[in-house]
Amino acid sequence: MAKLFDQTEVRILGLSVVYSVDCAVVRLLVDEPDEAAQLLRKNGFAVSESDILVVNLPPGKRGLMAICAALVGAEVSIQYTYPLLTRPNGRPAVALQVDDLDMALQTLIGQKFQVLDQDDLRGGD
């Protein structure tokens, strides 16, 4: 799958693989999601898209814990998370799938976390 992207300008920014005997679920965060989905479908991969949040980790040792505590405090459940392979703006970031995207976004912005948008991801290193 990754080889397909070598032939394009699409960059894989985050990756998670869950393997079982019957299949594997690969979650990709890319800088050009529409192009990536089209490429994967064209090459016979089943594709499902979902919205996620990407958040810069705040400085210090407990950045991830601070993000999780903010979401738990707002009663937002984290369904999965993975780190980004690139560092937008030179800072480490994490991708989050949550059960209530609007509440998570409102909570994180309200607590001054830096939530990245698609333009931020396109401009990564």
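By class, how many nonpolar, polar and charged residues does the lining of the largest pocket have? The lining has 24 nonpolar, three polar and four charged residues, where Ala, Val, Leu, Ile, Met, Phe, Trp, Tyr, Cys and Pro count as nonpolar, Asp, Glu, Lys and Arg as charged, and the others, Gly among them, as polar. The model is predicted, with local features needing pLDDT of at least 70 and side-chain atom pairs pLDDT 80 or more, while totals for chains, interfaces and linings use all residues. Residues are numbered from 1 along each chain as its sequence is written, and side-chain values use heavy atoms, with hydrogens and water left out.

**Hairpin**
- Strand 1 (residues 12–19) and strand 2 (residues 24–30) pair in the antiparallel sense over seven bridges, where pairing requires that DSSP finds at least two bridges and strands are DSSP runs of E with at least two residues, numbered from the N terminus.
- The two strands form a hairpin with four residues between them, and Leu 28 in strand 2 is the bridge partner of Leu 15.

**Largest pocket**
- Strand 2 supplies seven residues, the largest share of the lining of the largest pocket.

**Aromatic residues**
- A search of the whole structure finds one aromatic pair (ring centres within 6.5 Å).
- This pair is Tyr 80 and Tyr 82, stacked (planes under 30 degrees apart) at 6.1 Å centre to centre with 5° between the planes.
- Both Tyr 80 and Tyr 82 are buried, meaning under 20% relative accessible area with a 1.4 Å probe and protein chains only.

Technical notes. Phe/Tyr/Trp six-rings, centres within 6.5 Å; stacked < 30°, edge-to-face > 60°. Buried < 20%, exposed > 50% of the residue type's maximum accessible area, 1.4 Å probe, protein only.
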